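Please look through the structure below.

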Amino acid sequence: MGSRNVRHALAIAALLLGIHGAQATPGAVDEARIIGADGEPGNWLAHGRTYGEQRFSPLDSINVDTIGKLGLAWYADLGTRRGLEATPIVVDGVIYTTGDWSRVYAIDAASGKTLWTYDPKVPRAWGVNACCDVVNRGAAVWKGRVYVGTIDGRLIALDAATGQLVWETLTIDPSKPYSITGAPRIVKDKVIIGNGGAEYGVRGYVSAYDANTGQMVWRFWTVPGDPAKGFESPDMEMAAKTWNPAGEWWNKGGGGGTVWDSMAYDPDLNLLYVGVGNGAPWNRWERSKAEGDNLFLSSIVALDPDTGRHVWHYQTTPSETFDYTATQHMILADITLGGQLRKVIMQAPKNGFFYVLDRATGQFISAENYVHVTWATHVDPATGRPVESDPNQYRDEKKLIFPAPFGGHNWQPMSYSPLTGLVYIPAQDLPFTYAQEKGFKYGRHPWNMAVDMAAAMPPAGQDPALTRNVMRAIAKGHIGAWDPVAQKEVWRVQHDGPWNGGMLSTAGNLLFQGNAKGELVAYRADNGQRLWSAPTQSGIVAPPVSYAVDGEQYVAVMVGWGGALGLAGGIAPREGDQVGGRLLAFKLGGSAQLPPAPPPPVLPQPPAQTASADTIGKGDALYHAYCSVCHGLNAESPTLADLRYMQPATHELFDKIVLDGLYKDLGMVGWSKYLSADDAHAIHAYLIERAHQTQREQAGGWWLGVKNWAYGVLAKLIAWFIQITA
Ligand code: CA
């Protein structure tokens, strides 16, 4: 009997004796337990439940026959309106999860009672370095400790029993705009953590820290540094051959390649897989004169977890220039291909193709597009390289391309059910207008992509109601149930809008997903039939998990709208987003009730408009260049402050807030480095105009119905035209 089987047998014996977890040290997770996770299905011990990150729960008491009895068991208020993206870890009846600003929570898994919280007190001004909301995708638990990365680049270790700090270490150069939103993984007593920041301009890497002491064990850089300074490793020497030094990426944005989310581990092969992000700047003509593949951007890299050395890599988007990260969820599975059982790794990165690779060697097996794709025609099966539809892409003129930088699939985790053999992809179809930024100079904006963001924005002065309709008509999300053997979609659940939650499949033939509309839904995993739903009052982006306490199965999910598309917004604003974030847990016969949602906020009377149409138009353009990424398209935001709803006192303080940083301790830094007093005045005028427009919209009238109907028809025509011409 192998050690894994012994562990399995012990876990079953413990379950039978009913002593499961009761006497355990809190958070006593180790490698043997994670490897033997199927032997204790009541726990969710690691980010993807197993090292292979399949996000499939073997629990089946909640199933297609009993699903009708599923009800709310309890809820825990987390006191935030920012995005919640974490996967809760569940160990022996305790949930360890994370919220906004890298806060950590330990919660009783049966009652929902908070056991302890830990606030790493991230300086709020650092939030401006987080491209996509001050989110955190979860903790790791190991040998009585809880490990979390913080937005400001620290890795912290807490006592799982008390939440007391054991150690913390800074994983970044604090003079650079790095941030951490991803969950650490723990392999052989090493805590593996990467970071984000490629839009701002940083050089990517992933590091391993000793779980016991916090000392760094190794660091793998994902892109080469200044060639004049030599190379950190032979791996970097190899990568440097795929870059053109004339691009001077090392002092123009760092090159990017941040490892901001996905990892997986195969203990038998002793390989750690990391997903690598986009280039910095995005624009390959600026970054490397569009020459070379620019390793290891947009690659899956297999590392030796003992040394951090490169073993193999597969690059999904050579010479990427679209923000097509390969940081998306990676799943390890053993599947039969051509009559042979193959150890594969699967990924649906932003670029729109679903990849199946041999995970021992990195050999390309197959790839097909899982969403509408226009940047490439296909992936050549002989070479495993994408065939770009136009090598010049947006070099000479702006061009509408599918998928957008939000990706055909973003960070929201997929799920693989070994029972159905399907991978469930939280996918989305939306395009983006790419254009080179003329006269790009590093540091002109906080974001340094050498891509002209204004080209992607609606023209200044366009009626926001039309923009809203067009966005809703074009940007569509869906669940794609994908057969990785046949490389084709088997069925699809179409959503109204993009940016829905991560996936969970279970042995009860169920598939769970939260959505942008504010509901948790269960579908049949084999055919996608919608079986059950519960209102959650706010949109969901996080993935659900399932666990059991004393033999009773639960499904839990973090509820809270936000993240990249949630902030940029303007797409799926819902009633109830002002409710705030929660952790919800459901069980059969659960009868808890959410308190009624508060009424929507009342629009304060805006100040009189005194600015000219020109000034308002200038403010519109400036707002969408500097503010909309956090405060939302057309100043509509369910997540951060909705600036149409500013109180009279806030209007009075506008310049002090925007230019001088009066609210920097709330996360709103001053922008005087980028904006003049005239600029701030124009933005203010635009926001006052938006408040008046909103006031008129809320007053309604028959003409508003007619206008919206006409816009709806027009939007569908525009969406159709874009689909056939892009
Ligand atoms: Ca990016």
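Four strands form an open sheet in the order E3-E4-E5-E6, with antiparallel pairing. Strands here are DSSP runs of E, at least two residues long, numbered from the N terminus, and two of them pair if DSSP finds at least two bridges between them. Strand E3 (89-91) and strand E6 (114-118) are the edge strands, each pairing on one side only. E3 is joined to strand E4 (residues 94-98) by three bridges, and the two run antiparallel. In this pair, isoleucine 89 stands opposite tyrosine 96 in E4.

The model is predicted: local features need pLDDT of at least 70, side-chain atom pairs count only at pLDDT 80 or more, and totals for chains, interfaces and linings use all residues. Residues are numbered from 1 along each chain as its sequence is written, and side-chain values use heavy atoms, with hydrogens and water left out.

Tyr96 is also among the residues with the most contacts inside the largest nonpolar core, which has 61 residues. Such a core is a set of buried Ala, Val, Leu, Ile, Met, Phe, Trp, Tyr and Cys residues joined through side-chain atoms within 4.5 Å; buried means under 20% relative accessible area, exposed over 50%, partly exposed in between (1.4 Å probe, protein chains only). Another core, of 57 residues, lies apart from it and includes Phe322 and Trp482.

The calcium ion has protein donors from Glu199, Asn278 and Asp323, lying 2.3 to 2.8 Å from it. Donors are N, O and S atoms within 2.8 Å of the metal (3.2 Å for Na, K and Ca); water is not among the atoms, so sites may look incomplete. Glutamate 199 and aspartate 323 are 124 residues apart. Glutamate 199 is buried at 8% relative accessible area, and aspartate 323 is buried at 5%.
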